[in-house]
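Student: Could we go through this structure together? I'd like to ask about a few spots in it.

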Amino acid sequence: MIADIDAFIAGLRFGSDELSLVRLNDDAFQRKMQELDDYFQALKQEIGRVRAVGSNNTDIIPISETFFGICDDATGLAEAYSQRKATSLSALEKYITADIVVLMLLIGYQLFQALHTAAMNRALQHKVYLDAATGLPNKNKCEELLDDPTPPAPETGVCSFDLNNLRRINNSMGHEAGDAYIRRFAVALRAAMPEEHFVGRTGGDEFLAITHGPDADALQKLLAHVRKQLAEEPRQHPDTPLSYAVGFALASENPDSNMRDLFDLADKNMYINKNHVKREEAAAEKRLDFQLLKQVNRLHRSFSDCLYCDARLDTYRTIRACESFFLASDGSYTGAVEQIAEEQAAKSERSRVRSALQLDVLQRSLHSAEDTLELQYNAADESRYSCLTVLPIDWDKNGRLHHFILAFETIRLNADQAIDPKEQLTLYYEQLKQSILENDSYVDALLDMAGTIYTVNLTRDTLERNISPAGKSDSDRALFLDYPLPCSYRDYCDEYRKRVTPATLGSYRTADTSARLLKRFAAGEKHITVEYCVQEDDGAIRWVQKTVLMTQTTVFDPEINAEIPMVTAIILLQDTSQMHARDEQENARLQTAFDEMRIANRTKTEFLSRMSHDIRTPLNGIIGLLQVDETHFDDKALLLENHKKMQISANHLLSLINDVLQMSKLEEGTTVLAHERISLVELTRDIITIIIGRAEEAGIEWEYEKDKSIIPYPYIYGSPLHLRQIFLNIYSNCIKYNRPGGKITTHTDSLGEQDGKCTYRWTISDTGIGMSPDFVDHIFEPFTQEKQDARSYYHGTGLGMTITKELVDRMGGSIAVTSQLGVGSTFVITLPFEIAPSPEQTPDAHAAPDISIAGCRLLLVEDNALNAEIAQILLTDEGATVTVVTDGKQAVEIVQNNPPDTFDAVLMDVMMPVMNGIDAAKTIRSLNRPDAKTLPIIAMTANAFYEDAQKCLAAGMNAHLAKPLQMEKVKQTIAEWVKNNRTAKKDA
């Protein structure tokens, strides 16, 4: 048809006998026919494109319309020419007009058929050749092009595309997400490929592109450009980036191939590219997993399995999993939650587990990296329970949780229950595997650790080469013997053996021949480590660790024309001398500590033996005196004398207990030193009052510097209780180890003042029995005494001087002791103090306090029946009315259920069942009643230390009395606080 139209146009322009056409000698008509001829050439090219790519991808319609317009113009010019020739050429006019009409009819008919064909092609393409999901030509069109028997032009190229990750997206997110993924790729691919190249979908996740023109280099650049363009697309879809593989084949490189052959070659090349892409993506994923697991490991927990979850996509993938893990490697997070609840949780826990792990719950709870969640639940296995930890990783631009880790941990219920050996070995294997797989620098660390490395072909017994890692010292390189290579590994080891010390030769020989190593490799050992010592040229001994890592490969041996297994080894040598030196130092330290502990245990054992004697001796006296009293009730003088003796024995027992408890507090570092204003004059007076009576009873002269009654800094800050204890301990020793007629002398010196602090030195000397030089060196050690045989006198626990030294050290001072057997001892105590201001001088306007408690209504809270009975009798004898309860809860209830001011004071024990005294005091103070804040509460407890008193006061108590109680002090404290409370109420 096209050839016919070409002939008609040529006949009208130049005339044609065959078609019976004559040339019109009209310039305007000929110019229009020239234009018609030129435009028809363009129309022919467009008709060719319609056949190749379809009418939708061409401009056939507008070009045809323009062509028809030119035909109309030519017809008009022919008619005008006919009119001019009408008079003389009427017959010719009719003839020409008829020719033109016939010609136009033919042209119109042919064009009508072309347009009709284009319309049919358009409809057919929509029905048969268009992929509804992507808008690209579908498999039918692709197959039609590939099955074209015409040999492709040399510049033709065929590209095969295949999407990655579609299966994962379908499985974890559903097929709708998978279809959207395919659609995104199709749109991006069509936009990235130039329009002149064909792009279609061959089916599923596979696509085809046919290029015309680019050679191999140009096509590679084009595909690189396409990949770059598609890499930009995931910015709108960061959760599912486009991942694909592509391969191509060129007709110029495969001259005998048709289109189908080129496609098959491109498909093969695509699979090669797919492997490269997947490997790169897997490496990137592995690097991410390393970073995620490092975050997990910072929690220092034993997580057996971990999921990396995407809250936006509702997906997960495993980044750590043991062999028995119950979930798939990836999938839907919501589905995983259902499986966790149904298969792992006890039936009663399923609803709670399911609810706690819902994504909307996590979104509300996790807003920062610190918001880690833990969920514990009873497992289906009753011998253990499970703990799930949710660790947030990042959030999207709107602040909503994006990624998080769900970590699994199993906790056994019974720590004493033996673990099945197989289970324990499996656990060891899993943790070992994790430590290797999750260490991204394991190989580098292993190589860096070695001072030198060499390789050995064990099958051929050949030491092949020596490798010195970069940055190693000459000392490290000297670990390898200077020996010509390659050589026999056995010969090398024989030469090296000359440097090995005899004591470690046995260890060295376990890896000194290929035969020995091959035997161990055959037994399943791949990793062997031995240590030995070598003697250097200068005589120095050096420890060397030799690590042998063995592998097996298959090689082709041309000599026998066959494949053979080849076992090779890489051997790492490391200087471990410093490590052994540290081990030896640590062993020496441990031995010293062990010796010290053994000595301390022996000392404590001896102490317990002495304590047993010292406790039994006064107890025996007390029990014996009680038996004497039972048979001499009528001898009042004897009873009074026996009571005095029992009081002495009881006081000694109390001092034993106090010393032991005090030492325990000091060793634990829990002793609290007070910071109170102290009058040195009053403190000295108190100490003299206590000591001088004991000295006089023992027949010892007491001498104190009375001329130094004016003290330069009379007021200081310190802990009066502990300062008094220091001097009483020293004076007690001076009395105990003195002799009748002996003397105790005290000198006090001020060493000056600086920056508001002063320092005093006390020198205390006695004329007692003295101490040996050996004992003086150990006087401050616990439980030590000069004579440790059985004693008739109560000489104490051997803790007094230890306590004194600890207290002096805590106060920042020093104590020194000198002594001579048979002459006496001297103690020098030096202590710094913060200077305190003098108190205001106020006249003593009050008379001696009235310490009567007659008429007082007291609530006694004491759980020990004997103690309660004794206290009740003693208090009742003083005229008080006493109500007794046995725990803190009863005390709170009786106060709460009685009117205000029912009781004048509460005497509160501390350690009691149900509710202790501390909590009871706090509860009483919190009651909504008028006397809740003012009712005196006095602690009466065996918790006798300063910090114990502070706890009582902090709980709201008013005073603290230590057991055993001194009745005068009890009366004074009760009377003082009852009086203060009554006075405060009158003033109010």
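Tutor: Helices (H or I, at least four residues) and strands (E, at least two) are DSSP runs, numbered from the N terminus. This is a predicted model, where local features need pLDDT of at least 70, side-chain atom pairs count only at pLDDT 80 or more, and totals for chains, interfaces and linings use all residues. Residues are numbered from 1 along each chain as its sequence is written, and side-chain values use heavy atoms, leaving out hydrogens and water.

Student: At what angle do helix α6 and helix α7 pack?

Tutor: Two packed helices are described by the angle between their axes and the distance between the axes. Here α6 covers residues 166–173 and α7 covers residues 175–192. Their axes are 7 Å apart, and the angle is about 145°.

Student: Which residues in α7 does α6 meet?

Tutor: Contact means heavy atoms within 4.5 Å. From α6 come Leu166, Ile169, Asn170 and Met173. Their partners in α7 are His175, Ala177, Gly178, Tyr181 and Ile182.

Student: Where does Asn561 lie, and is Asn561 buried or exposed?

Tutor: Asn561 sits in the loop between β15 (541–557) and β16 (562–575). Asn561 has a positive phi of about 55°, although it is not a glycine. Buried means under 20% relative accessible area, exposed over 50%, and partly exposed in between (1.4 Å probe, protein chains only). At 60% relative accessibility, Asn561 is therefore exposed.

Note on methods: Axes are lines fitted to C-alpha atoms, for helices over the stretch in contact, and angles run from 0 to 180 degrees between N-to-C directions.
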